[in-house]
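Please look over the structure shown here together with the report that accompanies it.

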Amino acid sequence: MTETNRIEYKRELSDGLEKDFIAFLNYLEGGIIYIGIDKEDNTYGLADATVTN
């Protein structure tokens, strides 16, 4: 999945993250910020990132 105007990946929490949250809050359709995933779909900070249903 690639980044779009409604999807953003953040490898880790940072000082500027609140600006991204505010931008999505101000956007009419909102958005999703994934923390712990970089732009190449690598995961960070989790022992097991397996998704189960």
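The report below covers the fold, the surface and the salt bridges.

## Basis of the model

This is a predicted model, in which local features need pLDDT of at least 70 and side-chain atom pairs count only at pLDDT 80 or more, while totals for chains, interfaces and linings use all residues. Residues are numbered from 1 along each chain as its sequence is written, and side-chain values use heavy atoms, with hydrogens and water left out.

## Fold and burial

The protein chain holds one helix and two strands, arranged β-α-β from the N terminus on; helices (H or I, at least four residues) and strands (E, at least two) are DSSP runs, numbered from the N terminus. Of the 53 residues in the protein chain, 19% are buried, where buried means under 20% relative accessible area, exposed over 50%, and partly exposed in between (1.4 Å probe, protein chains only).

## Salt bridges

Four salt bridges are found in a search of the whole structure, each being a side-chain nitrogen of Lys or Arg within 4 Å of a carboxyl oxygen of Asp or Glu. One of them joins the side chains of Lys39 and Glu3 (3.6 Å, N to O); because Lys39 lies in the segment after β2 (32–35) and Glu3 in the segment before β1, this pair ties together parts that are 36 residues apart in sequence. Lys39 is exposed, at 58% relative accessible area, whereas Glu3 is partly exposed at 29%.

Another salt bridge pairs Glu8 with Lys10 (3.1 Å, N to O), and salt bridges that share partners join Glu8, Lys10 and Asp20 into one network. Lys10 counts as buried, with 19% relative accessibility.
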